[in-house]
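Subject: Predicted model for your review

Dear colleague,

Please find below the structure that I am handing over to you. I would be grateful if you read the notes after it with the coordinates open.

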Amino acid sequence: MRLMIIVSVMYPKTSESTFDMKYYVETHTPLVQARLSPIGMESLHAMRGTGSLDGGPPPFEVIAQLQFGSVQQLQEALTAHGAEIIGDIAKFTNVQPVMQINEPL
């Protein structure tokens, strides 16, 4: 079995949060793909939160999952382009994403 990791990037949705979905989809996501794919990102899947199981609002506006072959590839990608990608976040939201490294079971 091939080892891989998935980075979850979750943008909290609160009563004070703002999120420019158009910018995220048309500018930020292509930026992430262009910078990280050549360095080992195998895929990027983004999902918009639409609700919670109890019928309330979603706890996250967007959850993105970025797949890499290894933690080393992730670290190399972030060393090369992390500052640019993280710096772009303020252009579409006023919240800091929650980020987590995962490995498939």
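Residues are numbered from 1 along each chain as its sequence is written, and side-chain values use heavy atoms, with hydrogens and water left out. This is a predicted model, so local features need pLDDT of at least 70 and side-chain atom pairs count only at pLDDT 80 or more, whereas totals for chains, interfaces and linings use all residues.

Pocket

The largest pocket holds about 280 Å³ of space. A pocket here is an open set of points on a 1 Å grid over the protein atoms alone, where a 1.4 Å probe fits, with protein on both sides within 12 Å along at least five of seven lines; lining residues have an atom within 4 Å of a point. Grid points are joined across faces, edges and corners, and the volume is the space filled by probe spheres set on the points. The lining comprises 21 residues, of which Val-7, Val-9, Leu-66, Leu-78 and Met-99 are the closest to the pocket centre. Two or more lining residues come from each of strand 1 (5-12), helix 1 (21-36), strand 3 (60-68), helix 2 (71-88) and strand 4 (98-102). These elements are DSSP runs numbered from the N terminus: helices are H or I with at least four residues, and strands are E with at least two. By class, the lining has 17 nonpolar, four polar and no charged residues. Ala, Val, Leu, Ile, Met, Phe, Trp, Tyr, Cys and Pro count as nonpolar, Asp, Glu, Lys and Arg as charged, and the others, Gly among them, as polar.

Core

The largest nonpolar core has 22 residues, and Tyr-11, Tyr-24, Leu-36, Leu-66 and Phe-68 touch the most other members. Such a core is a set of buried Ala, Val, Leu, Ile, Met, Phe, Trp, Tyr and Cys residues joined through side-chain atoms within 4.5 Å. Buried means under 20% relative accessible area, exposed over 50%, and partly exposed in between (1.4 Å probe, protein chains only). Strand 1, helix 1, strand 2 (41-48), strand 3 and helix 2 each supply at least two residues of this core, with helix 1 giving the most, five residues.

Strands

Six of the eight residues of strand 1 are buried. Strand 1 runs antiparallel to strand 3, joined by eight bridges, and antiparallel to strand 4, joined by five. Strands pair if DSSP finds at least two bridges between them. Val-7 stands opposite Leu-66 in strand 3, and its bridge partner in strand 4 is Ile-101.

Single residues

Phe-68 lies in strand 3 and counts as buried because its relative accessibility is 0%. Beyond four places in sequence, its contacts (heavy atoms within 4.5 Å) include Met-4, Val-7, Leu-36, Met-41 and Leu-74. Gln-67, also in strand 3, is buried at 19% relative accessible area.

Thr-29, in helix 1, counts as buried at 13%. Leaving aside neighbours within four places in sequence, Thr-29 is in contact with Tyr-24 and Leu-44.

His-81, in helix 2, is partly exposed, with a relative accessible area of 22%. The C-alpha atoms of His-81 and Leu-36 are 7.5 Å apart, although the two residues are 45 apart in sequence. With neighbours within four places again left aside, His-81 is in contact with Arg-35, Leu-36 and Ile-39.

Yours sincerely
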